[in-house]
Every structure is written in structure tokens, then in C-alpha cells.
Amino acid sequence: MEFFTYKGISAGKYVEGEIEALNQEEASHKLKDQKVIITSLIRTKKKKGEKKAKGKGGGFSFGKKKVTSEDLVIFSKQFATMVKAGLPILQVLGMLRDQLENPTMKEIIEDIRRSLEGGVTLSKCFEKYPKLFDNVYINLIKAGEASGKLDVFLLKIVESLEKREKIKKKIKGALMYPSIMFTVAIVVSAFMLVKVVPVFAKMYDGMGIALPTPTAVIMGMSDFLRGTGGMVLLSTIISFVVAFKYLTTKNAKMKYLWHKQVLKLPVFGDMILKSLIARISLILGNLSAAGVNLLEALEIAKSVSNNVVVTEALENVKKGVFSGDTLTKLFLKEPLFPPTFSQLIAVGEQTGNLDEMFHSVATYFEEEFDSSVDNMSSLIEPIMIVFMGIMIGGLMIAMYSPIFNVGALIG
């Protein structure tokens, strides 16, 4: 039998001690049975050698490269997998620090590792970086510490992050095609107005013929863009965009009105709402399973929504829960949430499996969101083709119509 010195977290408190076992695997298994989340597990005879090893790779990287959401997902997935395998957390953090490429992430992980080594609980270590690890992330780690099932809750974090990234990628993918097509149409039209139309204008001036109204309008637009009007228009557009962004960010009333209008947009509004409901449901389900009380879970769920109308609706539900009303009744009062949402929540309340029902709701609205994105993608393609045809084709027809008229007169 051998002796092992361990440090870890049990019921949310930092613990340390010594355990007897045949090998490190058995020691790790015994501590897991005692619901101890291992941060360090060292064979007593080799303690000095282990301490020397810890010093390697401890330097901070001073690169200030931004930590992307993809970096966070990769770290969380590797962290969850290694902890699930039973490796001590300090060892895991040391390995991840050496494996990850982002220098800023390396620096953060090393700082967390040092704080944990100094006796700070894992959740407190992560709390030092609120911009990277949000309330949901921290609360699920706290739940893992308290229950001794950190690996389970780390996997829930990974699931939440992956679904958030999936939703982002779906929306970006759906908007990519129309954005490119619209940009191409505008650029081509502007090029023709500035470079091509003046050539036709000179030709028609020499012919001395009366121009059709569409052609005259195009000529006037060309003169406007090539003169001071082009700069005035560009300045006006930039000023409008800056002013709009400022008002919808700093002015609470304008922000609310804009966010409300966003949810009323045809196709896009419904798609955005479904993605938010799916994410909120998943968060509430995870927090409920973690034992977080409903009021606190609703408060945390508010922070994941970037739409103030949805945030206000959740605040109203939270106030109602505080007053003693049921979730079903409260969500029915909020017209923002579809009846299907309230009906599924009602089943969860009646059966006492609210956390499972929240996960079912999240899955249902995620599928609805996927369906909306697919429908939008198939609808947008022909719309954008028609849009480009009208813009560029209309411009070409307007410029050549005087030639057609001359040909008809000669005939």
C-alpha cells in the first residue's frame, strides 16, 4: 500500500489530507466516492519531485490576443473531458495551459491554476474573469463543487456553449448569402453609375435625342453621385448609422423600441425569438438540475439575453414567482412567449420534473429555429436573385432604351 497527499474541493470547501491506496488510480477512485473533487494528488514519497515539476511552464504570456468564443468552447470541452477521466484539476490546468495556442488564454489558465493551488475554490478562481466566464458558467461550477459532480456540470457547460455557438453559426450562415448578394448589387450599381453611365451620357448628348424618363433619372443619379452629392450622401449614411447605434445603445427608450421592432421583423424576428427561448430554456434547465433556486435561475437567465424586451419579460416572471404565482400562469401573461412554451412548462410543474421539461422545451425550440433558418435560406435565394435582376437589369434597360427608340424610329 502507498500513501498519497491530496488537495481538493468537497461540498464547496477546500480540503486536503492523506489517503492510503494501492496506486494513484485507486486513490482517485476512493476520493471520488467521498465526493471530493481532486485538485492535486501526489504520492508522498515523490512529493519533492512533484513540486519541482509544478514550476515548469508557469510564466505568463503577455500577448493580448482576444479570447474568442471558439477558444472558450475548446478549453471547456478539454477541461470537462480530463476532469471526467479522474485527473487532478491542477494537473489538468497545467496540461491545458501548455496545449492551448491563444497566449491570453494561457495566461488566464495559469492564473486560475496558481489561485487554486493557493487554496481558492475553483468557482472563485473563474469569477476573476467575468467577461470570459459568465454567471451561468460560474453557477454550474459552484453546483459541481457543492455536489461533488464537477465533471457532470462541466459537460452541461460544454453543451450550453456548443448550442450557443451553433445558433450563432446558423444565423451567420443564413445571413451570409443575402449580405454578399446585396453588397455585390450595390457595388456594381454604384460602379455603373459613376463609370459607365457618363459614357452613355456623352453619347446621347451628341445624338441630340429626347431621353426617356427612366434614362433621365439614371443620368441625374450619376451626376449626383459624381458631384458633391455623393460625399453628402456618404456622410449622411455614416452619421445616421453612428447616431442610430449610439441611441439604441445608450438611450433606454430607443433601445427598447428597437429591440421590440427586431422581434416583429418578418421571418427574422420569429427566428431570433426562437433562438433566445431555446437558450434561456437550456440555461434554466441546467440551473434547475444544479439545485439553483428558481428566482436566482431567472435572474441568471436574464443575463444571457441581449434583447431588453425578453429581459423585461423574464423580470416580470421573476417578480410573479416572488409573489407566489406558478410559472405556467406567469409565462402565459407574457405575450412574447408562445402558448407552446407555457403548455410544456405546465407539464413540468405538474410532474415535478421542471428541469427535464426545460431541456425538452430547449430541444423543441431549437428544432423550430433550425426549421426557420432552413425555410429562410430557401426563401432568400430567389428573392435576392430577383433583387439583383431588378437593380442591375433595370439599370441596363434604362441606359439602352434610347438606342432601342432610335432603332424603332429608323425602322
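So, the largest pocket: about 800 Å³ of space lies in there. A pocket here is an open set of points on a 1 Å grid over the protein atoms alone, where a 1.4 Å probe fits, with protein on both sides within 12 Å along at least five of seven lines. The volume is the space filled by probe spheres set on the points, which are joined across faces, edges and corners.

Keep in mind that this is a predicted model, where local features need pLDDT of at least 70, side-chain atom pairs count only at pLDDT 80 or more, and totals for chains, interfaces and linings use all residues. Residues are numbered from 1 along each chain as its sequence is written, and side-chain values use heavy atoms, with hydrogens and water left out.

Helix 3 (69-84), helix 8, helix 11 (252-262) and helix 12 (268-289) each give the lining at least two residues. Helices are DSSP runs (H or I, at least four residues), numbered from the N terminus.

Now, helix 8. Its 58 residues, 150-207, should span 86 Å at 1.5 Å a residue, and the end C-alpha atoms sit 83 Å apart, which agrees. The expected span is 1.5 Å times one less than the number of residues. There's also a kink of about 40°, centred on Leu-193, that is, the angle between axes fitted to the seven residues ending there and the seven starting there.

Note on methods:
On a 1 Å grid over the protein atoms alone, a cavity is a set of points where a 1.4 Å probe fits but cannot get out, and a pocket is an open set with protein on both sides within 12 Å along at least five of seven lines; lining residues have an atom within 4 Å of a point.
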